[in-house]
Amino acid sequence: MVSLNTLCIIITLTLAASCSLVSALSTRREVLGSAVRSVTAAGSGVLVSSVSLPSSLPIANADDDTSSAFSSYQINPDASSKLDPKLTSIDPNKLTQILSKTSGNQGGAVWLGEHHNSVKDHKLQAQFIQNIYQHRKQQQKFGSSSKSNNKMAVGLEMIQVQFQPVLDRYIAKQISDEELKEQVQWEKRWFWSYDGYLPIFQKCRELNIPLIALNVDSEDLGLVEANGLPGLSRDKLQKYVPDPNGFAQFARNRYYKTYVDYVISPSYELHKEMGILRTTITGQLLEEDMSFARFFSGRILWDESMASNAYRWVVDNPGGLICCLVGADHVKFTGGITGRFQRMAKEQQLDCTSVILNPTLIDTRPSGSVSMLSNVAASASGPNDLTLQLRYLKEGVAVGSEESRLPESTGGVLALADYLVLSDV
């Protein structure tokens, strides 16, 4: 069993590797700029492979009640010397079928990466939930496998685990929509518009689909942001990290260092530039900016908790499917929730499918490297030059070395997601 002290040492080593990566280059801005300009600049060990989506998007069949006005694409990553990922257009109904099924009826998770303030994203989520539910119900009715079932749940990043009993009462129709909002302390703990999510909650109650709280209680996250992981008692840490050995091992792998440098480190820098690291999530004032180590610890606790709670539901409901509504930032490039769920689910061979809804330049580039004006301009014509994968180096290849630029030094690639979905209207 890995001790709390060992976990902290591993996290420190991971941070040190990430910091040495940056110091080996000039400035972070220059690193990020070179990364997004060229797929052959390997100075940071991170190569990005980009693609432009077609400007003319196919429209779903309006006569099909199970269709939606969206287009869908499968990402086909490429770890060969070409580093040339492709997007394959996929029929929306076919995507629904893919998301509805689980390999060998063992169950699994679908991660619908959202933008919290996007009405379009929430409409897509509501439609996916309804269509997947209907498809699984039909699968159970006509399926030949005795294990076939339509067990389904919806996991929620926006609800903290302490409020699971409230969600249960809501699905049981014991409390109203407004009482749900009040009892989960929505205005205090989530901030984004409740009305945007309400149709999803109502659809789940109508279909009797359980809602599952995924997120860390803010009181506990605040302790970590102020004191690091040692700020949590052993019991509380176990609540969010039931697999400490796997949690520690996840931070050691080569690709995770690349993920941290591309996703988490720039996010920290952006938060710092915005001047919002002097308080924890609970409002506790800090004497100085939150350190990267504590910011990082809070982030990985958040991801691990959401993956663990989804995994726990699938294990408790064999053959079941949980559709999780979480921020796209937690889904992209494997190192967030999805890689952690895959780690937990490997032995049971559970499915894990990632979808990013209405992706934009900002979603696929390091935080702070794309201006809002550039993002809006790109979105207006359909997202252009999305980064579809990240390249990471083989073990033993030094970051920034001449060897790191060679194709044979590629250790693998991290795909942005399995699928992309774009609203047509």
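Visitor: Helix 12 and helix 13: is their crossing left-handed or right-handed?
Guide: Right-handed, in this predicted model.

Visitor: Which residues make that contact?
Guide: Helix 12 brings Tyr256, Tyr259, Val260, Val263, Ile264, Ser265, Ser267, Tyr268 and His271. Helix 13 answers with Phe292, Phe295, Phe296, Arg299, Ile300 and Asp303.

Visitor: How many of those are nonpolar, polar or charged?
Guide: The contact has 10 nonpolar residues, three polar and two charged.

Visitor: And the geometry? At what angle do the axes cross?
Guide: Roughly 115 degrees. The axes come within 11 Å. Helix 12 covers residues 254–273, and helix 13 covers 292–316.

Visitor: Where does phenylalanine 333 lie?
Guide: In the loop between helix 14 (328–331) and helix 15 (337–345).

Visitor: Buried or exposed?
Guide: Phenylalanine 333 counts as buried, because its relative accessibility is 0%.

Visitor: Now asparagine 358. What's its phi?
Guide: Near 45 degrees. That is again a positive value in a residue other than glycine.

Visitor: Why does asparagine 358 count as buried?
Guide: Its relative accessible area is 11%, and buried means under 20%.

Conventions. Residues numbered from 1 in each chain as written. Predicted model: local features only at pLDDT ≥ 70, side-chain atom pairs only at ≥ 80, totals over all residues. Heavy atoms only, no water. Axes fitted to C-alpha atoms, helices over the stretch in contact; angles between N-to-C directions. Helix = DSSP H or I, 4+ residues; strand = E, 2+ residues; numbered from the N terminus. Left-handed = near helix turned anticlockwise from the far one by under 90°. Contact = heavy atoms within 4.5 Å. Nonpolar A, V, L, I, M, F, W, Y, C, P; charged D, E, K, R; others polar. Buried < 20%, exposed > 50% of the residue type's maximum accessible area, 1.4 Å probe, protein only.
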